[in-house]
Amino acid sequence: MASKTARRPSKRKALGILCLVTAFPAVLSATAASQEPTPYVVGQTAVIKSKILGEDRRIFVYTHPAYGEDESRYPVAYVLDGEWNFLHTSGVIDLMSSREVIPWMIVVGIPNTDRIRDLSPSPIKEQPGGGGAKAFRAFLRDEVFPYVEARYRTESFRLLVGHSLSGLFAVDTLLNDPALFNAYIAVSPYLIWDENKFLDRVPQPPAGPAARRVFFAASLGAEPGLAAAFERLERILAERERPGLERYFRRFPDCDHETV
């Protein structure tokens with residue numbers, strides 16, 4: 001029958017426990033003293049004094065950790081709605097490029113000052129201040145691109161990324177000024193702007209061969225309100241074949257407008 005008396009630790013084990021208990025507060029104290037928090041900075045912030053828009057505009061710029069180790073040049077991803085989309089897009093691009101799925105890229109985020117004005121193609125009754133997409137494109141072309149390309153080692157390849165209303169801007173730019181970017185990603189583009197009249201004004205593709213190949217990708221989650229316009233854009237691009245345009249449409253039924 002086993003004794004009910006608890007076994008005492010050996011003298012050697014007891015000494016070890018005593019040392020651990022004695023040392024633990026000192027370890028905690030030293031650890032706390034040596035791990036004071038410091039800022040973790042992702043990218044840089046700059047201000048462009050825009051003559052086109054008549055205001056100062058911030059941009060965010062992310063370069064990957066190896067950017068300073070060589071003299072290579074990199075394609076640039078321009079991310080609209082930068083105050084929301086810059087961080088996670090930079091992270092995705094950094095992850096995929098570190099796995100050699102895509103090239104390393106410079107990421108430029110462009111936050112908003114007047115989102116409706118800059119990203120919508122036309123004013124509407126509910127949003128009379130809209131319709132500034134053409135001026136915003138000029139801002140990108142004549143002020144943002146030169147600023148970035150003068151200060152960073154860029155290739156000529158440009159990618160535009162937009163979600164929702166900025167996805168509408170990406171589609172509008174593809175249709176009206178396709179050579180501005182080499183590739184476009186439109187996530188849940190808000191194609192129902194102006195009661196779906198936006199798609200009624202889709203221009204015919206220009207005659208003759210394209211100046212260069214352009215890639216366009218569009219995605220949609222479980223968003224019944226946007227589905228018909230999304231499908232219509234897919235049909236329009238198929239019916240009005242634009243030379244040199246590679247297009248890709250995909251649904252994500254398990255995602256919503258925010259998570260897609």
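1. Ground rules. The model is predicted, so local features need pLDDT of at least 70 and side-chain atom pairs count only at pLDDT 80 or more, while totals for chains, interfaces and linings use all residues. Residues are numbered from 1 along each chain as its sequence is written, and side-chain values use heavy atoms, with hydrogens and water left out.

2. The largest pocket. Its volume is about 910 Å³. A pocket here is an open set of points on a 1 Å grid over the protein atoms alone, where a 1.4 Å probe fits, with protein on both sides within 12 Å along at least five of seven lines. Lining residues have an atom within 4 Å of a point. The volume is the space filled by probe spheres set on the points, which are joined across faces, edges and corners. There are 30 lining residues, and T89, V92, L159, V161 and I185 are the closest to the centre. Two or more lining residues come from each of β3, α2 (82-98), β5 (154-163), β6 (183-187), β7 (214-220) and β8 (245-251). Helices (H or I, at least four residues) and strands (E, at least two) are DSSP runs, numbered from the N terminus. The lining divides into 21 nonpolar, 6 polar and 3 charged residues. Nonpolar covers Ala, Val, Leu, Ile, Met, Phe, Trp, Tyr, Cys and Pro; charged covers Asp, Glu, Lys and Arg; the others, Gly among them, are polar.

3. Helix α5 (165-176). How many of its 12 residues are buried? The count is 11, so α5 is largely enclosed by the rest of the structure. Buried means under 20% relative accessible area, exposed over 50%, partly exposed in between (1.4 Å probe, protein chains only). Among the buried residues are S166, F169 and D172.

4. Helix α6 (residues 224-239). It has 16 residues, should span 22 Å, and has its end C-alpha atoms 23 Å apart, which agrees. L226, A227, A229, F230, L233, I236 and L237 are buried. The buried residues of α6 pack against α5, β7 and β8. Contact means heavy atoms within 4.5 Å.

5. H64. This residue sits in the loop between β2 (55-62) and β3 (74-80). H64 is buried, at 3% relative accessible area. Leaving out residues up to four places away in sequence, H64 touches Y74, D94, W104 and M105. H64 and M105 are 41 residues apart in sequence, yet 7.4 Å apart C-alpha to C-alpha.

6. T154. Its place is in strand β5. T154 is buried too, with a relative accessible area of 10%. Its contacts, with the sequence limit of four places, include Y74, V76 and I106.

7. Aromatic pairs. The count is 10. Rings of Phe, Tyr and Trp (its six-membered ring) pair if their centres lie within 6.5 Å; planes under 30 degrees apart count as stacked, over 60 as edge-to-face and the rest as tilted. F60 and F86 have ring centres 5.5 Å apart and planes at 55 degrees, so the pair is tilted. F60 lies in β2 and F86 in α2, so the pair ties together parts 26 residues apart in sequence. F60 is buried at 13% relative accessibility, and F86 at 4%. Y67 and Y74 form a tilted pair, 5.8 Å centre to centre with 40 degrees between the planes. Both are buried. Y78, F145, F181 and Y184 form one aromatic cluster.

Methods
Expected span 1.5 Å × (residues − 1).
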